[in-house]
Amino acid sequence: MSIHADEVRTAKQKLSPVSWKEVTVNGGFWQEIQKINSTVTIPLQYIRMEERGGIEALKLNWKPGDSNKPHHFWDSDIGKWIEAAAYSLAKHSDPELEKKIDDLVDLIEAGQQEDGYFNTFYNLVDPGKRWTNLYYMHELYCAGHLAEGAVAYYLATGKKKLLDIICRFMDHIDSRFGPQTGKVHGYCGHPEIELALVKMYQVTGEERYLRLSKFFIDERGQQPYYFELESLSRGVNVEVKADRPRHLKHYLCCQGPFAQYQSHLPVREQDAPVGHAVRAMYLYAGMADVAAETGDHTLLDACEVLWKRLTEKQLYITGGIGQSSDGERFTFDYDLPNEITYNETCASIGLVFWAHRLLQFNGDGKYADVMERALYNGIMSGVNLEGDRFFYANYLSVYPDRFKYGSTLITERMAPTRQGWFEVACCPPNLARLVASIGQYMYSTSTDGIYVHLYNDNESKLDLIDNQVILTQKTEYPWDGHIGITVNPENDAEFMIALRRPGWCQNAEIKVNNAVIDVEVRKGYWIVNRLWKQGDVIEIILDMPVQRIETHPSVRTNTAKVALQRGPIVYCFEEIDNAKDLNDVSLVSDADISARYEEDLLGGVVTLETKGRRRDTSTWDGQLYQPVKSEKMDITIKAVPYFAWANRGPGEMVVWVKQEE
């Protein structure tokens, strides 16, 4: 019997995303970032994994009692790095890099057990306890990332060895888990394998992988709770201990003991993002994938409920999500603290994965708007301009003195300066694979034509019915609002090109072959229908003023404050440009804000300048409190793109500032 649910209303994807293989970034904002990613970030990450022991562990030489015990999710870093390197290889030949991947594949093959199982930690450290602690030990999560790496490497190079290895691993997992009698009715504490299995299904055609992904999603949150049964079998009362730090116990119990892992309720009954933000994004992306492949509209309906709640009540202006470092989790509606937030880089990356998948169902620009917001702000802040240091947490307000009294956790994952690596190193390779594959987020096709989601210099090959179209974009976006798109169909043909109207854009002009045209706006896209011929040129001129953005009144931390945004770029104020005590700076509400491109600053960015005010500290003379008498000084304040902050040394930083008449 087919898995496809034809008897119910189906969730059909209207759009098909264009593969990263068909889009070549050849200029603009993303070209330099991709260049640094391929020449600096990806090679450096291999060295860091070597230094930390992740690659040595694959050689299976570690013995109990040896130092540097393998970590239980090192395999996931290997998988993500292979995926990033594969995307890079597809665009830039690098025999040395390819050999590194092939050597890793050989090590994985040598470590694979006869029954197909592979996990470095359980092969070496706890060989008798595999599949006994899905709640915490990341076995399926690691398998998922290895699978994504295998798919990417196969698509990039045609080499099938790693894919065959992972197929045997997935076959082993399929023999172990499922709804059938005698199989384990469990799922991973860290969702990820769900979306990886769908990729495996798409590349192999093996429907068992799709069924297994659907099982993991459907089983989540069913009673009796698998995690409770599993923990009790190990002699652990999950509601008391939860195999988690004690400071999480109260929160977990407030929404049920399994909210941290999105397993407190069946997924179709969940109406708010809860728990660990990265886990949530990977689960929701998997739900969207299964909905698309099976036609299960109930999963899409659940995604849309969760999306609405997230974007209306829990999303930062930078595209950051996951407000609390306590469990790397969501908290409650309108709780968006700036100085003590978390906003893990991986969580924003997961948000892009989910947004891109939902975008394909109906071509609604609201998903592309969030995708763009996260890409330009909350994600690219996660790596420095040189590509060799990384943020795990991404604050919207930083006063470095707060961190002088921190713990080891604060000095690494939560440090206000980017780090060379982390003990939990999920973010750097995650960011590398996203940057290397950025082309796949730019276009989709449909039976009607082409959707343009993101603007950047590139050349792309898009297959329509009985026609291939080459699009060439030229633009200095996001610094400039002028975009030129040359359309070259193989054969003259009538079709639609849908051009995304960014949510921040209030005014724009569309031209075709130098003539201004009237266009219909449909779900955030300008719709241009015509007979297209080789050499036709579309021009989009976006009005790109500086906007003062305010927050919903229920967001307490931003009362009477504004942030500055120009185009998709969110801005911040740094101490290096504006001196200390940024908390005391205010904008003048009617002052002009000038925008200027500075080629020699931060790799070339548009900066903003405007009139501000701050109190004169010279009148305080050692006083902590005094009757109101402070004079305010007029000052000129300067803002830089948020993603580029902390590239000129440590210091204070704020996004939201007070505004006065």
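How much space lies in the largest cavity? About 70 Å³, and here are some notes to go with that.

1. First, the ground rules: this is a predicted model, where local features need pLDDT of at least 70, side-chain atom pairs count only at pLDDT 80 or more, and totals for chains, interfaces and linings use all residues. Numbering starts from 1 along each chain as its sequence is written, and side-chain values use heavy atoms, with hydrogens and water left out.

2. A cavity here is a set of points, on a 1 Å grid over the protein atoms alone, where a 1.4 Å probe fits but cannot get out. Points are joined across faces, edges and corners, and the volume is the space filled by probe spheres set on them. The count comes to one cavity of 30 Å³ or more.

3. Its lining (residues with an atom within 4 Å of a point) is Gln34, Asn37, Ser38, Ile42, Tyr87, Ser88, Lys91, His92 and Ala436. Helices α1 (28-52) and α3 (74-91) each give two or more residues, and α1 gives the most, with four. Helices are DSSP runs (H or I, at least four residues), numbered from the N terminus.

4. Elsewhere on your tour, look at α14 (residues 345-362) and α17 (residues 427-436): their axes come within 9 Å and cross at roughly 35°. Those axes are lines fitted to C-alpha atoms over the stretch in contact, with angles running from 0 to 180 degrees between N-to-C directions.

5. Contact (heavy atoms within 4.5 Å) involves Thr345, Cys346, Ile349, Val352 and Phe353 of α14, and Cys427, Asn430, Leu431, Arg433 and Leu434 of α17.

Definitions and conventions:
On a 1 Å grid over the protein atoms alone, a cavity is a set of points where a 1.4 Å probe fits but cannot get out, and a pocket is an open set with protein on both sides within 12 Å along at least five of seven lines; lining residues have an atom within 4 Å of a point.
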